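Keep the picture open while you read.

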Amino acid sequence: MLATLTDVMKDTMKKPFAVPAFNVFGYEDAKAVIEAAEEVKSPVILATNKVAIAHMPIHILAKLLIGLAEDASVPVVVHLDHGKDYHTVAQALKSGYSSVMYDGSQLPFEENVRTTKEITKMAHSFGIPIEAEIGSVGYVNPELGKGMLTDPMEAKQFAVETEVDALAVAVGTVHRMESQNAKIEFDRLEEIQQLVNVPLVMHGSTGIPDEDLERLTETNIGKVNIGTAIR
């Protein structure tokens, strides 16, 4: 069944679980992810990143993934990952995505707030929840995006001013890690969740040791993004 991000994350701040978001590129991997979710009777998020939408147009991906979601026996979210601008997010919303992320994390704080507020208004006008990012989860190759740990007070201000539904934070992970040696700053995460009243999101979760992934379910992290591990 097709679900929104809010549907599947609504209890993650109260109960010890998080919902996985897997980066998918087409029918074969999306179907496999859904079958695995059905086997364990868990909600799941199908995420299409900038590489996926560069390969296949958003409106084509939407029809494919929404069709798979509607036929599934568990809640399935069709999510735009790292939408880079207003136009990209608008395309996803018009195509029927049930969740979107706008990523202005490489922008100065004030500009990230301003652009995120505009895009949040658009997403909410469609009745669709939105995720954004404060701080920045970098990449193994820093040329693809620089990393910067999330400042807890900035996270609070950002969440209040933008009214986003989920907030991605940088507390020690890096995109495209191929080994599980990320050092999560749990003290920083604790401070953030004391100040921010929406579910938090962990990008770069492939690099997190299994025991820390389990520990994260006891926090306000409600969504963990996984791509590299399944590729």
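## A helix and its neighbours

The buried residues of α6 pack against α5 (86–95), β5 (99–102), β6 (130–134) and α7. Keep in mind that this is a predicted model.

So which residues of α6 are buried? They are Phe-109, Asn-112, Val-113, Thr-115, Thr-116, Ile-119, Thr-120, Met-122 and Ala-123. If you're wondering about the spacing, here's a handy rule: an α-helix has 3.6 residues a turn, so residues three or four places apart point the same way.

The helix itself covers residues 109–125, which is 17 residues. From its first C-alpha to its last, α6 reaches 24 Å, close to the 24 Å expected at 1.5 Å a residue. After α6 comes Gly-127, which has a positive phi, near 75°.

## Helices side by side

| Helix pair | Axis distance | Angle |
|---|---|---|
| α5 and α6 | within 10 Å | roughly 10° |
| α4 (58–71) and α5 | within 9 Å | roughly 40° |
| α7 (152–162) and α8 (186–195) | 9 Å | about 30° |

Let's start with α5 and α6. Their axes cross at roughly 10°, and angles under 35 degrees count as roughly parallel, so α5 and α6 are roughly parallel to each other. On the α5 side, Tyr-86, Val-89, Ala-90 and Leu-93 make the contact, while α6 brings Glu-118, Ile-119, Met-122 and Ala-123. Sorted by class, this contact has 7 nonpolar residues, no polar ones and 1 charged.

Ile-58, His-59, Ala-62 and Ile-66 in α4 meet Thr-88, Gln-91, Ala-92 and Ser-95 in α5. By class, that gives 4 nonpolar, 4 polar and no charged residues.

Last up are α7 and α8, which pack at an angle of about 30°. That makes α7 roughly parallel to α8, and α7 passes α8 in a right-handed crossing. From α7, the residues Pro-152, Met-153, Ala-155 and Lys-156 meet Arg-188, Glu-191, Ile-192 and Leu-195 in α8.

## A few spots in the loops

Loops have things to show you too. Take Lys-41, which sits in the loop between α2 (27–40) and β3 (44–48). Its phi is near 55°, a positive value in a residue other than glycine. Is Lys-41 buried or exposed? Its relative accessibility is 73%, so Lys-41 counts as exposed.

Glu-163 is another case: its phi is positive, near 60°, and Glu-163 is not a glycine either. Look for Glu-163 in the loop between α7 and β7 (166–169). With a relative accessible area of 56%, Glu-163 is exposed.

Finally, find Val-174 in the loop between β7 and α8. Val-174 is partly exposed, because its relative accessible area is 25% and buried would mean under 20%. Val-174 and Gly-204 are 30 residues apart in sequence, yet their C-alpha atoms are 5.2 Å apart in space.

Notes:
Residues numbered from 1 in each chain as written. Predicted model: local features only at pLDDT ≥ 70, side-chain atom pairs only at ≥ 80, totals over all residues. Heavy atoms only, no water. Axes fitted to C-alpha atoms, helices over the stretch in contact; angles between N-to-C directions. Helix = DSSP H or I, 4+ residues; strand = E, 2+ residues; numbered from the N terminus. Parallel < 35°, antiparallel > 145°, perpendicular 65-115°, else oblique. Left-handed = near helix turned anticlockwise from the far one by under 90°. Contact = heavy atoms within 4.5 Å. Expected span 1.5 Å × (residues − 1). Buried < 20%, exposed > 50% of the residue type's maximum accessible area, 1.4 Å probe, protein only. Nonpolar A, V, L, I, M, F, W, Y, C, P; charged D, E, K, R; others polar.
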